[in-house]
Number of protein chains: 2
Amino acid sequence: MAAPSMHLNLFIMGCGHHKAAWRHPESAVERLGDIRYYEALARTAERGKLDAVFFADGHAASNVAGGPQWFLEPLTALSAMARATERIGLISTVSSTFFTPFHAARMLASLDHISGGRLGWNLVTSMFDSEARNHGWEAMPPHEVRYARAEEFAETVLALWDSWADDALRLDRHGQFADPHKVRPIQHHGEHFLVDGPLTVPRPPQGHPVLFQAGASEPGRDLAARYAEAIYAVAYDLPSAQAYYRDIQARVKAAGRPPVSIMPGLVTYVASTEAEARARQRELDELLPTEDSLRQLGQFIGQDCRGWALDAPVPSLPPLSAFSGPKGRYATILRIIESEKPTLRQLLGRLAAGGGHCTLVGTPEQVADEMQHWVEQGGADGFNLMPPSLPGSIEDFVDQVVPVLQARGLFRRDYVGHTLREHLGLARPAA
Amino acid sequence: MAAPSMHLNLFIMGCGHHKAAWRHPESAVERLGDIRYYEALARTAERGKLDAVFFADGHAASNVAGGPQWFLEPLTALSAMARATERIGLISTVSSTFFTPFHAARMLASLDHISGGRLGWNLVTSMFDSEARNHGWEAMPPHEVRYARAEEFAETVLALWDSWADDALRLDRHGQFADPHKVRPIQHHGEHFLVDGPLTVPRPPQGHPVLFQAGASEPGRDLAARYAEAIYAVAYDLPSAQAYYRDIQARVKAAGRPPVSIMPGLVTYVASTEAEARARQRELDELLPTEDSLRQLGQFIGQDCRGWALDAPVPSLPPLSAFSGPKGRYATILRIIESEKPTLRQLLGRLAAGGGHCTLVGTPEQVADEMQHWVEQGGADGFNLMPPSLPGSIEDFVDQVVPVLQARGLFRRDYVGHTLREHLGLARPAA
């Protein structure tokens, strides 16, 4: 394969990214507490030679009636998944607001040893007061405090990983276990953290587990530009993906760093005919409890839509400038209505499955065409796959889309390296 | 088997509990970062039908030249070990000073799901300023603050586990995922912690993972008496084990609770003849770097002993009342000298392997005799096995001592239950 492989992650979420996926008769909803379900997903992703599997994370349970949200904790789940696989990367979300840097550095380093160098961490600052109020805060600290803390958190974690030199372990039975001159305190006494170090874990196999970030806000983009080694993005269509891509790579360059891989989220419905793929999408959409969805849509658009006809086109909405509520989601809704001309039911379904993320529905070739187009047109270096239902949608992708990408020389036919860093083409950092 | 089984844990520590074990030519020192080493230890313990494997924990690296101390982080390691075994319990130390109750409750609950109900947690308050200074504290909080915090920590963790009713999950594809009336906030707003809850993880299979504690100080014993479901103890000989046992069970009774299992630490050197067992002990003792050990002993006893003859009996020491340094360790040293009349080299070896814990050296029958005697004489309900070298000493114990205990009806021939709670004869707590 001449060109570098595009990068593909499986973003694992409950029974799938479609909010109604758990309601499907064949869903795995009974198995959400069963680690074997996640091990099987990781093995499916590894069969498809994907770069990694990825867990988002949250620290509060809400709307438990509506569907599964969180269940197993990611760091503990990924350890078992590491032992059920051999090559695929494993990425955990870690909140810089709720962890101490020492816990984070230590657990991620431990997992990097357990997995033989396959760990990544997605650094988030967390968002909700309900999460803050599970970890001793009265409310989430302000945005700028969260990001200042996140930056200091990242620096501290990286310093802890470097507190053991690569050659610190001597294992000399007649002398030293480790060379004390190569295991150094970090003496970090900053604004948010006091951490003397050194870490209790020798340097991780990858030097540093790979740092992912998903910067959307201004400070988020700046943090990503300075620290992220790979970036998750939200892009509804190619122009917005290109705009984000250009903006981030410019910031990365301004920070004096080489380009980083950017992976927008991607929801795919794949089948051997487009009609069949659309039928799969419709099947999930029809499982949505319309009353709840209409009430939620009403909140998003600031008007009562419970009387609207489900299978008629969505009525036209006021322009963004006339909307006084949260603009991001409203803008997405306007774009979906404008570009897809959906019925009300279709709109509810789109919002219930990856909302503002790109959604592709079609044959393996059609899906591969669009993925290729995004990569060739500077919108993405790969994708963070958000299968609407699990395990079905990722099996479809691995069995049907991956071979097309491989045949076109766009995706690896097998792993070359053994570490996540190698899959992503990232050099191992010196201490 | 008529009588209830005694309880046996494998206390995993690096290459073994003898400080020089890693120096043995056959030690596994090269494998301390390899999860397969710990998986194999857990399988050996499971072959012996032990109740559980157990990790201590610390949050600072010190004296890295002298030998291995910490390496993999326990919660991540135990997840992999859970998947490498089927029945044995898995116990992690968790510090109430460094974790938030939400993190602890969540990770332990997740591991209880992953292991199918085999998790235990050993609640500690941690001791060293060097650890505190890795988690944002200038120094360890005072003893009474640590114990007040530990008590509030335990209450909060238990409340989080109970925040989901056992029957909260409905999994009704045409209705609710979970019953919101059975997933309740805990609204804990205490002196040390603010935690609204509910947890993000449904109630653990065991209801509560089993709570271990090792209370030695007055507040430690009180905490253990009120919360612990099983207790680790330090007892040099049967009289001190009996005194501790009586004291704790009296406190447990005063707290209105049924008796709890107490497991003193136990170091064993086993071989088919007593001479061979003593030779094994001597082989490890002779691997100790004498200069370091003599300097350390000098600190313990408050005098310079570097000129003393290694293979002559230890000179007599001033009585405890005349010693102005830390009394606990000094008292242990006096007792070893009095009861074992060791040479200086033997004393250094004893201190290097489990210090104040009971040490048995002999044939399988001799070791089983003494264990039986402790249990029958009200000194113990079982033992926390501290093998001087790993994996060798635990293989010896499982292959040689366990069959003797089984033949005498003192230990289970196979597991009856599937959860750690069942192995320990503990009822599953109602929410």
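## Where the chains meet

A salt bridge here is a side-chain nitrogen of Lys or Arg within 4 Å of a carboxyl oxygen of Asp or Glu. In this predicted model, Asp196(B) pairs in this way with Arg133(A), with 2.7 Å between the closest N and O atoms. Between chain B and chain A the count is eight salt bridges. Helix H1 (35-47), helix H2 (74-83), helix H3 (101-114) and strand E6 (194-195) of chain B each supply at least two residues of the side that touches chain A; helices (H or I, at least four residues) and strands (E, at least two) are DSSP runs, numbered from the N terminus. H3(B) gives the most to that side, with eight residues.

In contact (heavy atoms within 4.5 Å) are 73 residues of chain B and 72 residues of chain A.

## Glu152(B)

Glu152(B) sits in helix H5 (residues 143-161) of chain B. Glu152(B) is buried yet has no salt bridge, buried meaning under 20% relative accessible area (1.4 Å probe, protein chains only).

## How to read the values

Residues are numbered from 1 along each chain as its sequence is written, and chains are lettered from A in the order in which they are written. Local features need pLDDT of at least 70, side-chain atom pairs count only at pLDDT 80 or more, and totals for chains, interfaces and linings use all residues, while side-chain values use heavy atoms, leaving out hydrogens and water.

Terms used
Buried means under 20% relative accessible area, exposed over 50%, partly exposed in between (1.4 Å probe, protein chains only). Lys and Arg count as positive and Asp and Glu as negative; His and the chain ends are not counted.
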